[in-house]
Every structure is written in structure tokens, then in C-alpha cells.
Amino acid sequence: MSAALALTDSARLVASWRAGVLSLPDDRVPCPGMIWIEPGPSGRSGVWRSVRKAMLAFIDDWGEAAADLGWTTEALFGVHRTAGASRADCTGTMVTVYPRRCIALCEREIHLDRIGGSVVVDRRPASTPPDCVPIWLFGK
């Protein structure tokens, strides 16, 4: 294989995250414990599509840096194998990101903005529970 075609470990990991998120349906939540609808200006509007879109934006903007810093698939996109996002100990940062976006990233923390200007910090767990799986593997 040509050196130009070779991917780094980080690039392969980021590509797997993108493929996983793209495999999620955009018309229904993929697991229990996630918000589907919220009040909107003209009634109720879907939130899950925005969560999925935010996941893809994070991958585009911060994915390689997150992989280089050692963020795992489960720390970012994890849910509990049978309870989904209902189990906070297994829920990754990007599963609950809406309506926030990443504004800074370091080895142990992701800084997320929030409407009104305050910053939310999510810390990477020291360990991942054994029943945590990537959201795209929930129920499989």
C-alpha cells in the first residue's frame, strides 16, 4: 500500500466513529433514555436529529484531536448495553451534547458551550463500565 493511502490509528478510529454515527437512524432515537422531541417555535420538533448532527460536527472538528488525546469510543459515544442512555455511568459525552457544542478539548475534559455563554465541562471517566457499548451497537 502506498504511504499516501495509509491511515494513522487516529484516522482509522475517527473513520469508525463517523461510520458508526452515520449508521444510526435519523428519524428515531436508537436507544432508550434519549430525548426525541422538545417544544419548538411551531409546536414540537425533533431533537435526536440535532444530536446526531452534533456528533458528526464533533467528529469533523475535534475527532482526530480526541483520538490523539486517548478519548475512547465509549467515553464519547457510549451507552449501556441494555439500558441505553438511561444509565448515566455508561453514557458518553456526545450522546448528551445537545444543544451544546465542543469549544475546547484536552486529555481529561471536553468543554461545551451552552446558550447564555456558560461553559459545561464533561470529564473523561477513569474507566469504562464493562456493559458500555457504542450507541450504534445498542441492542446488537
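# A walk from the hairpin to the core

Start by selecting Leu105, which stands opposite Ile110 in β5. Before going on, a word on what's on screen: this is a predicted model, where local features need pLDDT of at least 70 and side-chain atom pairs count only at pLDDT 80 or more, while totals for chains, interfaces and linings use all residues. Residues are numbered from 1 along each chain as its sequence is written, and side-chain values use heavy atoms, leaving out hydrogens and water.

Now widen the selection to β4 (102-105) and β5 (109-113). These two form a hairpin, with three residues between them. They run antiparallel and are joined by three bridges; two strands count as paired if DSSP finds at least two bridges between them. Click His111 here: across from it, in β6, stands Val121.

**Stop two: the whole fold**

Zoom out and color by secondary structure. The protein has three helices and seven strands, in the order α-β-β-α-α-β-β-β-β-β along the sequence. Both kinds of element are DSSP runs numbered from the N terminus: helices are H or I with at least four residues, strands are E with at least two.

Of the 140 residues, 39% count as buried, meaning under 20% relative accessible area; exposed is over 50%, and partly exposed is in between (1.4 Å probe, protein chains only).

**Stop three: the core**

Hide the surface and select Trp17, Met55, Leu76, Phe77, Met94, Ile110 and Ile135. Of the 34 residues in the largest nonpolar core, these touch the most other members. Such a core is a set of buried Ala, Val, Leu, Ile, Met, Phe, Trp, Tyr and Cys residues joined through side-chain atoms within 4.5 Å. Which helix gives the most to this core? That's α2, with nine residues.

Stay on Met55 and show its surroundings. Leaving aside residues up to four places away in sequence, Met55 touches Val21, Leu24, Trp48, Phe77, Met94 and Val95; a contact here means heavy atoms within 4.5 Å. Across the protein, 57% of the contacts with a separation of 6 or more are between residues 24 or more positions apart.

**Stop four: charged pairs**

Side chains of opposite charge can pair when their charged atoms come close. The whole structure holds five salt bridges, each a side-chain nitrogen of Lys or Arg within 4 Å of a carboxyl oxygen of Asp or Glu. Here are some to pick out:

- Asp9 and Arg12 meet at 2.3 Å, N to O. They sit three residues apart in helix α1, so about one helical turn separates them. Asp9 is exposed at 61% relative accessibility, while Arg12 is partly exposed at 43%.
- Asp60 and Arg18 meet at 2.0 Å, N to O. Because Asp60 lies in helix α2 and Arg18 in helix α1, this pair ties together parts that are 42 residues apart in sequence. Arg18 is partly exposed, at 27% relative accessibility.
- Asp113 and Arg101 meet at 3.4 Å, N to O. Asp113 is in strand β5 and Arg101 in the loop between β3 (78-80) and β4, 12 residues apart. Arg101 is exposed, with a relative accessible area of 52%.
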